[in-house]
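Please read the points in order.

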Amino acid sequence: MILKITGKIGSGKSTLANYVINLSQREIIGFRSYFDDSKNSLYLEFVNGPRYKIAFRDGKMVGIKETLDDLAMRLNTVDTTGKVLFIDEIGYVEIVSQKFVDALLNLIKRTQDGVIVIRENSPLRGELDGIGIFFEIHKVDAT
């Protein structure tokens, strides 16, 4: 089963995803994305692996196509057998690279178990919905 968590910025999506992943007794693969302290650079970091700058702020966040194209090749080689896929989170900068989008969707399609965080306004949300293999939690703001 793949658990998909969606919601607004700051609603606790990543906190919930990390809690669920920490319960797993199996090997975790995948990546997380996060801003630097200045909120001017976005990084993608593989679980127990390297990190890559995938976007920068130029008024709004701009994806770095060349880096995402290169990361697509890495996603295509990920072995998901018996592992839990963890992706935190999918936003909108990824769409500058169709290679990355295709590799990401293929990675998810060949995964049996996982936790995926996707921003509520991500243009990839519809494509993920089209895969139809998810149990979805729409995270609302905590009070």
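Helices (H or I, at least four residues) and strands (E, at least two) are DSSP runs, numbered from the N terminus. The model is predicted, with local features needing pLDDT of at least 70 and side-chain atom pairs counting only at pLDDT 80 or more, whereas totals for chains, interfaces and linings use all residues. Residues are numbered from 1 along each chain as its sequence is written, and side-chain values use heavy atoms, with hydrogens and water left out.

1. Two loop residues with positive phi. Asn48 sits in the loop between strand 3 and strand 4. Although Asn48 is not a glycine, its phi is positive, at about 55 degrees. Its relative accessibility is 82%, so Asn48 counts as exposed (buried means under 20% relative accessible area, exposed over 50%, partly exposed in between, with a 1.4 Å probe and protein chains only). Lys39, in the loop between strand 2 and strand 3, likewise is not a glycine and has a positive phi, of about 65 degrees. Lys39 counts as partly exposed because its relative accessibility is 47%.

2. Ser38. The loop between strand 2 and strand 3 also holds Ser38. With a relative accessible area of 42%, Ser38 is partly exposed. From C-alpha to C-alpha, Ser38 and Asn121 are 22 Å apart in space, and they are 83 residues apart in sequence.

3. A cis peptide bond. The bond from Asp88 to Glu89 is cis, with omega near 10 degrees. Glu89 belongs to strand 6.

4. Helix 2 against helix 3. Two packed helices are described by the angle between their axes and the distance between the axes. Here the axes of helix 2 (residues 65–76) and helix 3 (residues 98–109) come within 8 Å and cross at roughly 20 degrees. Axes are lines fitted to C-alpha atoms, for helices over the stretch in contact, and angles run from 0 to 180 degrees between N-to-C directions. Helix 2 and helix 3 are therefore roughly parallel to each other (angles under 35 degrees count as roughly parallel, over 145 as roughly antiparallel, 65 to 115 as roughly perpendicular and the rest as oblique). Helix 2 contributes Leu68, Asp69, Leu71, Ala72, Leu75 and Asn76 to the contact, and helix 3 contributes Lys99, Phe100, Ala103, Leu104 and Leu107 (contact means heavy atoms within 4.5 Å).

5. The largest nonpolar core. A nonpolar core is a set of buried Ala, Val, Leu, Ile, Met, Phe, Trp, Tyr and Cys residues joined through side-chain atoms within 4.5 Å. The largest has 30 residues, of which Phe31, Leu75, Ile87, Ile90, Phe100, Leu104 and Ile108 touch the most other members. At least two residues each come from strand 2 (28–35), strand 3 (41–46), strand 4 (51–58), helix 2, strand 6 (84–90), helix 3, strand 7 (113–119) and helix 4 (125–131). Helix 3 supplies the largest share of this core, seven residues.

6. Phe31 and a second core. Beyond its neighbours within four places in sequence, Phe31 contacts Leu44, Glu45, Phe46, Val47, Leu75, Phe86, Ile87, Asp88, Phe100 and Leu104. A second, separate core of nine residues includes Leu3, Ile21, Val115 and Val117.

7. Val101. Apart from neighbours within four places in sequence, Val101 is in contact with Glu94, Ile95, Leu124 and Glu127.
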